[in-house]
Amino acid sequence: MIENALPDDPRPRPLKTTPLDSWHRAQGARMVPFAGYAMPVQYQGVMAEHLHCRARAALFDVSHMGQAVLPGAAAASALERLVPGDLLGLKPGRQRYTLLTNEAGGIIDDLMVANIGEDRLFLVVNASRKEGDFTHIAANMPAGVRLRSIENRALLALQGPAAAAVIARIGPEAARLPFMGVAAVTLVGIPCLVSRSGYTGEDGFEISVPADRAEALAQRLVAEPEVAPAGLGARDSLRLEGGLCLYGNDIDELTTPVEAGLTWAIGSRRRLAWDFPGAVAIRDQMEHGAHRLRVGIRPDGRAPARAQTDIVAGDGTAAGTITSGGFSPTLSAPIAMGYVRKDLAADGTPLHLVVRGKPLPARVVPMPFVPHRYAR
Amino acid sequence: MAKPPSDLRYTKEHDWVRLDGDIATVGITDHAQEALGDVVFVELPEIGRDVAADEACAVVESVKAASDVYAPLAGKIVETNQTIIDDPSLVNSDAEGEGWFFRIEIDDTEAFEALLDEAAYSEYLETLD
């Protein structure tokens, strides 16, 4: 994932830092550039942090992600003009995963939208996309709806089977949130916005916290016996095991929600009106099938197949490309996801992955690789 | 970090080399394993392969990324360490011992002396920080 840092930027710029920068360094983090930020890639080691998250609870700094508020009674209807999700049906206290789509049906970004009450939507977008996203959204709002990007808050993610027990000690209200619920909650005297969500496949919480209190909250959380800090390395291997897309790898402006297997993010009401960007192309693919589909892939051997690896069919014809691949600490085996021709997308289909010039046997498998354990 | 024994030589590609007669045993340095993180896969060259100096001939992969391992000296691969195929974590736990990669019958033992000694490698590492 390190190689994703600033993929299009030939000139190095000074890295931005999160409010937890010095805290990471004090915790022994190895810092790397990612999406223009100095970010911790690991503290103790990717494997240990990954397994700790699956067994107990891990704390991630995801302050590089973009946070914004869209206020106004017309906010939901205005944002619906840019996404295929049902936002008018999003009740106060609820969060939803959705997509910014372009006119060709490609994905500009994937994002979380929460209804935080009082006619306000709260948005969390990818770090690498936030400037473009916010410009795009702001430019498409009607008079009276103004996007406010939030620069003075950090974002922490507490993830793992022990996350709820940990957060119950410092904010019992947060522990009572349902999956994809969101609420303003005071944690150890700090006013936070907490959602029950994450990017690991585990139960957990994402916590928007004032920047000047982020270190105090992080310190309080890692003081709990179940909690260890985890970096971007573990975040990437955890989300891959969860079959979750990484923007820029698995989805981008040239992939559609149909190809990516994300049609569940298209609201049923939106499928009546087909009035979101790219609806014509997306509807056509939903009715006639996409030429390629995102699938899970398990190499038969031990060699990981990384992003950009070519996939070939049994008859030697080109089948597609791996978009994310690596080693699964939970399964102790290589795993990958990628796009293959639709005739090769069925579970169990044998494929070959061309790793260092050699075709290695693999097969299509269902995702997630590791079952989700969200609070339900 | 364990202090490396002094009879080793090193390369700027972070290989270590130990010479017994004309057989060079090669692995990655403790610095390299530390930088890579948890090693999860190793690919070793075929026995009998002729390698040139600085030729990529093995692969080491961590959870995060894949890296090439280069032959530090020209010669013929005569032995590979199957133990690290079965247990790649040995490369982390004992990089400069049980975690060796391969052995080369080298063409030119004088080339060994031209590699970095411990002091020169340590000095090189400091320039990287």
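**Figure 1. Helix H2 of chain A and what covers it.** H2(A) is mostly covered, with seven of its 10 residues buried. A residue counts as buried if 20 or more other C-beta atoms lie within 10 Å of its own, as exposed if 12 or fewer do, and as partly exposed in between, with C-beta atoms placed from the backbone. Helices (H or I, at least four residues) and strands (E, at least two) are DSSP runs, numbered from the N terminus. The model is predicted: local features need pLDDT of at least 70, and side-chain atom pairs count only at pLDDT 80 or more, while totals for chains, interfaces and linings use all residues. Residues are numbered from 1 along each chain as its sequence is written, and chains are lettered from A and ligands numbered from 1 in the order in which they are written. The buried residues of H2(A) are Val46(A), Met47(A), Glu49(A), His50(A), His52(A), Cys53(A) and Arg54(A). Their cover includes strand S3 (37-42), strand S4 (57-61), strand S10 (153-159), strand S14 (227-229) and H8 of chain A.

**Figure 2. The two domains of chain A.** Chain A is divided into domain 1 (1-245) and domain 2 (291-365), with bounds that come from an automatic or database domain assignment. The C-alpha centres of domain 1 of chain A and domain 2 of chain A lie 30 Å apart. Eight residues of domain 1 of chain A are in contact with eight residues of domain 2 of chain A; contact requires that the C-beta atoms of two residues, placed from the backbone, lie within 7 Å. On the domain 1 side, H2 and H8 of chain A each supply at least two residues, and H2(A) gives the most, with four residues. The residues on that side divide into three nonpolar, three polar and two charged. Here Ala, Val, Leu, Ile, Met, Phe, Trp, Tyr, Cys and Pro count as nonpolar, Asp, Glu, Lys and Arg as charged, and the others, Gly among them, as polar.

**Figure 3. The contact between chain A and chain B.** The contact takes 16 residues from chain A and 10 residues from chain B. On the chain A side, two or more residues each come from helix H2 (46-55), helix H8 (232-241) and strand S17 (318-328) of chain A. The chain A residues that touch chain B divide into eight nonpolar, five polar and three charged.

**Figure 4. The barrel in chain A.** Six strands close into a barrel in the order S15-S18-S17-S16-S19-S20 (chain A), with antiparallel pairing. Two strands pair if DSSP finds at least two bridges between them. The twist averages 40° from one strand to the next. H8(A) packs on the sheet, touching S17 and strand S18 (333-341) of chain A, and its direction makes about 125° with that of S17(A). Axes are lines fitted to C-alpha atoms, for helices over the stretch in contact, and angles run from 0 to 180 degrees between N-to-C directions. Strand S16 (residues 310-312) of chain A and strand S19 (residues 350-355) of chain A pair over three bridges, and Ile311(A) stands opposite Leu353(A) in S19(A).

**Figure 5. Nonpolar cores.** A nonpolar core is a set of buried Ala, Val, Leu, Ile, Met, Phe, Trp, Tyr and Cys residues joined through C-beta atoms within 7 Å. The largest has 111 residues, and those with the most contacts inside it are Leu79(A), Leu156(A) and Leu158(A). Strand S7 (residues 107-115) of chain A gives the most to this core, with six residues. Beyond its neighbours within four places in sequence, Leu158(A) has contacts that include Ala57(A), Leu59(A), Phe205(A) and Leu221(A). A second, separate core of 26 residues includes Ile297(A), Ile335(A), Leu351(A) and Val370(A).

**Figure 6. Hairpins in chain B.** Strand S1 (residues 9-10) of chain B and strand S2 (residues 15-20) of chain B pair in the antiparallel sense over two bridges. They form a hairpin with four residues between them, and His14(B) in the turn has a positive phi of about 70°. S2(B) also pairs with strand S3 (residues 23-28) of chain B, in the antiparallel sense and over six bridges. This hairpin has two residues between its strands, with Gly21(B) in the turn at a positive phi of about 65°. The bridge partner of Trp16(B) in S3(B) is Gly27(B).
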